[in-house]
Amino acid sequence: MSLLDIRNLSLSIHGTPILHDVSLRLDPGRILGVIGESGSGKSMTAFTVMRLLPEGAEASGQVTLDGQPILSRSEAQMCALRGRDIGMVFQEPMTALNPLKTIGDQVAETILIHEKIPKRAAMIRAAKALARAELPQDRFPLSRYPHELSGGQRQRVVIAMAIALRPKLLIADEPTTALDVTTQAQILRLLTRLVREDGMGLMMITHDLAVVAEMADEIAIMQKGRVVEAGPTGALLENLQHPYSRALLAASTHAPARSPAAQDTPLLEVTAVHRFYPTPRKSLFGAPGRFHAVKGVSFKLRKGESLGLVGESGCGKSTLTRAILGLEQIQDGAIRLNGRPVFQGRQPDPEVRRRMQVVFQDPYGSFNPRHRVGRLVAEPFHLSPNMPRAERDTAVAEALTAVGLTPGDADKYIHEFSGGQRQRIAIARALITRPELILLDEAVSALDVQVRARILDLLADLSARYGLSYLFISHDLSVVRAITDRVMVMKAGEIVEAGPTETVFRDPRHPYTRQLLAAAPRLPEGLGS
Amino acid sequence: MTRYILTRLLSLVLSLVAASVAIFLVIEILPGDPAAIMLGVNAQPDTLAALRAEMGLDQPMVIRYLAWVGGMLHGDFGTSYTYHTPVAKLIGDRLAVSLPLALFSLLLTVVIAFPVGIWAAARRGSAADTLIMGITQLGVAIPNFWFAMLMVVLFAINLRWFSAGGFAGWDKGLLPALKSLTLPAVALALPQASILARVMRSALLDTLSEDFVRTARAKGLSRAKALRRHALRNALIPVLTIIGMQFSFLLAGGIIIENVFYLPGLGRLIFQSISARDLITVESVVMLLVFAVILVNFLVELAYALVDPRLRSGR
Amino acid sequence: MSPMRFLRSRNLVIGALLTGLFTGAALLSFLWVPYDVTQMDIAHKIKPPSGVHWLGTDHYGRDILSMIMVGARTSIAVAVLAVGIGMGLGVPLGLWAAARRFSLLDEVIMRGNDLVFAFPSLIIAVMITAILGPSATNAIIAIGIFNIPVFARLSRSGALGLWNRDFILAARVAGKGAMRISFEHVLPNILNLLIVQGTIQFSMGILAEAGLSYVGLGAQPPTPSWGRMLADSQTMISFAPHMALFPGLAILLTVLGLNLLGDGLRDLLDPKLRRGRT
Amino acid sequence: QARDDLKVALQLEPPNMDPTSNAAGAIDQVLYANVFQGLTRFGPDGEILPDLAKSWDISEGGKVYTFHLAEGVKFHDGTDFDASDVKFTLDRARAPDSTNAQKGLFAGIDTVEVVDPLTVKVVLKAPDGAFPFKMAWGDAVIVAPESIKDIATYPVGTGPFKFEDWVQGDHVDLEKNPDYWGTPAKLDHVEFKFISDPTAAFAAMMAGDVDVFYSYPAPENLPQFEADPRFQVIVGSTEGETIMAMNNARPPFDNKLVREAVAHAVNRKEVIDGAMFGYGTPIGTHFAPHNPDYVDLTSLSDYDPEKSKELLKQAGVTLPLKVKMTLPPTAYARRSGEIIAAELRAVGIEPQIENVEWAQWLSSTFKGAHDFDLTIISHTEPMDIGIYANPDYYFGYNNPAFQKVMADLDVETDTAKRSALLKEAQTIIAQDYVNAYLFQLPLQTVAAAGVKGLWKNAPTQATDLTGVYWEN
Ligand SMILES: Nc1ncnc2c1ncn2[C@@H]1O[C@H](COP(=O)(O)OP(=O)(O)OP(=O)(O)O)[C@@H](O)[C@H]1O
Ligand SMILES: Nc1ncnc2c1ncn2[C@@H]1O[C@H](COP(=O)(O)OP(=O)(O)OP(=O)(O)O)[C@@H](O)[C@H]1O
Ligand SMILES: [Mg+2]
Ligand SMILES: [Mg+2]
């Protein structure tokens, strides 16, 4: 008998169908990886098992846990089940914990809800659970508050909470999406260990094929509320049947066809750049402290080159980007484009600035929702005053065409576009002044793999057509590998290693680079090619 | 925590200084000569000059400001131009009415608003919720002096359960004193309770939609328990802010209600003092009220820190 | 926004109806009122509602319905202008502070706001009218001053969130200055917030005007005003309750209408504030 | 067993307890005749009666007054009352640094001599028939040097009641003086409550919170009290001539035709009905109707809007004529003002109403720049027609003929001639239409049915409780 058995589950919310005939099985001590693009219904499937569905949701079909039906239970029975028999770990560790309670209290609460034991005893068991989640009490006392922990540590607290009572089933909904690769690797290892030790069943939801390929025993692939394919990991990946699954795999390993066209002339020269942020005063009358975010970074980017910059969250990548763009003052060093400094005194030089553009990570936040696309795309023309309207419109139309949209899209509002389309518009906006350099700060990180693959193709194509240079910033090593000629690895404000992409990836020299590469989840060699 | 308190204290002092200067300047430009008012219609010029000298009105402005502030620091608020008594005593007497009234109505406010707000939030979207929210909408919209008038007609004139106004005095015993504050406190509390109940409800709904409440539910807490154990404390910050503002409002804002019930409170004192150009009293009462507001804000911020460990650690 | 969505919100419909009713009455009063409100008719004073005077007459024999219609003008004018002052000064201040966030200027502006908030509003209103003399204009100033920090805070906090957004960064990359960004990108995106708050401040302005007029510091006679009608009727409430009832209801319903409208608009305009899942 | 305590409500609270250095009438309303006594006093109908002075002799043609004081009088603090206290009081009141609000009362005094402990001789600079009248004022009550320091908060007098307690903003308590030298009071305990708001006044009476409301502020409620057997309503008269003063010193009211037009535009009946709900006697000049020397001159200023328009045309002023009407904060002034404004508008005069607080009214209308065109006020001082002889008075009336009549009156001691002069004076100001004369301010006292012995009229601002008692 399976631990979790979902049969013909259908779900609708306020009458809108969300899931259609979903069937999944999970045995004790096994890991089921559920993958699929955003909105495919992965989370809703998990929430149905927990019976934590939004208002207006109606589920039909059969869900059994250890042979016991779930859907027909009363709310009180579900309360008794949740936390004891089913634990759940959520995507966003930063907000998943109550900021006002200590981690000890929060872990102990799981125990106290289900067992009538004294608080002291519960605390002792909470400490044990935290220790199993690799937060030993001597380094992370129970009296810590969530804000005193990093994202990865918080995720461990959430995991400790979920496994405190050794539930039969653990559901993890994208538990590592918000974390760094290295942290992600640790958390994934932790989860795998716990499953093997306790004989739990783990339902692991993710959108990253590589993650499940590494750890799952079985895989289910979802699309638009349906399970399109399911089976044991190895066999399934070897022999994908459904076109969607194949496309997914292809996209995950996609590398755009590129013809390196780097010339020798340097375009961007960054020399010994330092950036300090003021931090709040330590004492009431003390001098404000400062945080050294970028520590003497130097590099050159040649015309036509695509240069990668990788490093974990908070290492200073975006800070460097903003400095190059002239948005923030640097405290020491020089930044030159075509030999001209970005800063003339304290003011950025508009001439230089016009030659650079940027594409940001969040396709939803990079546009003013109140303006039409035409106006949004034309915004960089602000630096070229007195441009006739007609010329402007032609330029917008051209830019939109270049990124695969139509000139007619200029009259629409941004909310009428999907995430991938928005990122195209962002690129169109970056292209419109015909810059020489485009900085891409995590420009594809928020996109689904398939969309991402198409955007990468577009970038490669544009680079070839317009002779563009890219500074490509990402924490995703596989993407950087696919699109860059050279790569730099950044750690805590410093560049620790730089070199041709393939060389660095094949033969990393710096220990940190090695660590990063080891942590990155990888699809088994030979797949999808 | 200490640093947090020290920073707050410093800003408290700075605010007080700024406020005292502002008050003093405003008072300076008020037209009307207090000496002339004291002496009435038939005063002779020499009498007037004598009185002005006696009251120190002939001193330059800066000196008078410093004297005023310096005096206040020693608890000496000067002598009222019209009452000829120390302003400190005057304020003390009035505070003995206004402060209990403010606290009483604040208590009513909280006692009504908390259960109502929580109850409505727990039943969001139900008919009961809609009804309660409708009633609070009415409560917010009703002019409190009108409500007070209606209550006087009903409870004092027709039913004669309460006296129509006036203050029995604390020496007459606790119950008679509280009884004479009841109608005014209710009149003051009704709109405030409505506001607070609405804030409570929406703050709760906000926190109920946070991820950590979902986490709590996943641990096996029922909806009601998750609300009580996790959402409530998190919802307290906006609620505390409002309570702080309400206390300040109740302390000074009773001015109209004090008139309706002819209570000898601070509001009426200031009203009378402004009309009589008893400037020293006006300054001191306004300063006191501002001080109360700033102090309450300070306390509210300390309360935030008690509620929220993130603030305690100083960032 | 489709008309259907508008109609689905009960708050919005009731609020708009009530607000419309009183605005309509105020506008109509410019063209026509049942009786001239400057004309006294002492012989017919304090008459209860009847076919001749639908809401009765007051202590000078004036028609209460006409007084309420013309009084709506005063209330609305005072509240609109006071909110106008608050927005006109508060929003630019807030935007400015947000554009120079965490600088000394920001600190000064926000501390200044706190300071204004620390003053008991009604008492300051009393003092202002004591300085300048009671009149509708001075009531507007007194109420308006306390609206400034409300809007300054709101627009600053709204703007602060926006200044972190990538589209602002994009505008900065395009070389736009803080002023330009504030008005082109920030303002339109906090307009919803401002409209909603504006409605609420508007209703509070009506209440405040009523309170000030009630203590005699608002519009002066012969301009009718709801608050003064209440004050005038107070001593007669025991034998002429209609004189207090109708102006009181007028205030209550207008404020209620505006609050409902504000809530409805918030639901409609600000999807972020719409309640999500549990 | 009849009650022996009384709660009396007054509209205004005394700003302090010293009647000899503050103009506020509220001080007298609490303390006059109850706590403080003068050499002479006002009787219930305005007659001058002996008080601390049992009798007095007038010599040297009215220039020297010799007062014979009552025996065995003690102040409430136990100190004796004697002639030296009288000398102290009078000298203090007329000293250069005196802050007495009615310094004019004492201006005529040349010297004060203590003849013996029970005799005081006051020498005047000129004969003054009205001197005993002046000594009856609240500003002339006798105070003692021993207790003068704290008088503002702790008044010590010689009257039938002792001051007990003052809770500022709420009430003053008086207690029967057991050692009183005269007829003792019938009440043991009196509490004066201060209720300025007319609504609160009504509610307080109705709810039985107070027993007596002296000078009840809302005439509209009187019919209800009259209809209620629990209450009695006593309507009397005050010395308050309620007038609409016009600024004779500046255009347009420096033109007699315009003033006359205003006088005819005002409908006294409507004003009395509308503002006073029918209470109040119409007057046509600045004189109390209950005074034997009163002349009814109301017909000079009959309500006649047509004539008013005609006069305005004659005066040649451009219509509408915009004028400023400042109104002090009493109900009678505000209400009369609104009604008169409407009446004036009907003839083409557009008054801009400006409601002001007392302080502002005093400083900008009454004093200083006299910045007003019209204002409404009740002149409550007794026998104050003399103000019309002062060209600097706020209404700026300057008529030498009138001033001569007043000068003659000052030195005239013959009663018949005095009467003739007073009548002439009344007629002159009525014919000059100096101000619009509206009505004599009534005194409305509402009391519980069992309270007896209250004064009906108010010859001065006082609430004399000496003879008040409960009838079961
Ligand atoms: N509260 C809700 N009300 C209505 N529809 C919802 C609600 N929450 C989610 N949906 C819809 O349900 C569908 C499935 O959502 P679900 O969250 O399960 O997707 P997912 O596969 O987890 O995607 P992601 O990778 O983005 O988390 C989506 O189309 C989403 O729009
Ligand atoms: N305005 C600021 N004030 C103070 N510190 C800042 C500020 N902005 C960034 N930092 C700090 O500087 C460091 C580098 O930040 P940056 O945003 O450049 O990192 P990143 O490499 O882009 O990270 P991510 O991948 O998360 O975007 C971080 O530790 C961050 O906390
Ligand atoms: Mg999901
Ligand atoms: Mg970054």
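Domain 1 and domain 2 of chain A bury about 1,200 Å² between them, with carbon and sulfur atoms giving 59%. Buried area here is the accessible area (1.4 Å probe) lost by two parts on being put together, summed over both. This is a predicted model: local features need pLDDT of at least 70, side-chain atom pairs count only at pLDDT 80 or more, and totals for chains, interfaces and linings use all residues. Residues are numbered from 1 along each chain as its sequence is written, and side-chain values use heavy atoms, without hydrogens and water.

**Layout**
- Domain 1 of chain A spans 1-85 + 171-253, and domain 2 spans 95-166; the bounds come from an automatic or database domain assignment.
- Their centres, taken over C-alpha atoms, are 25 Å apart.
- Domain 1 puts 17 residues into the contact and domain 2 puts in 14 (contact: heavy atoms within 4.5 Å).
- Arg84(A), Leu190(A) and Asp198(A) supply 31% of the area that domain 1 buries against domain 2, more than any other three residues.

- Four salt bridges are counted between the two domains (a side-chain nitrogen of Lys or Arg within 4 Å of a carboxyl oxygen of Asp or Glu).
- Glu197(A) and Arg132(A) form a salt bridge through their side chains, at 3.9 Å, N to O.

**The domain 1 side**
- Helix 2 (75-81) and helix 6 (181-198) of chain A are the elements that each give two or more residues to this side (helices: DSSP runs of H or I, at least four residues, numbered from the N terminus).
- Helix 6 gives the largest share, nine residues.

Definitions and conventions: Chains are lettered from A and ligands numbered from 1 in the order in which they are written.
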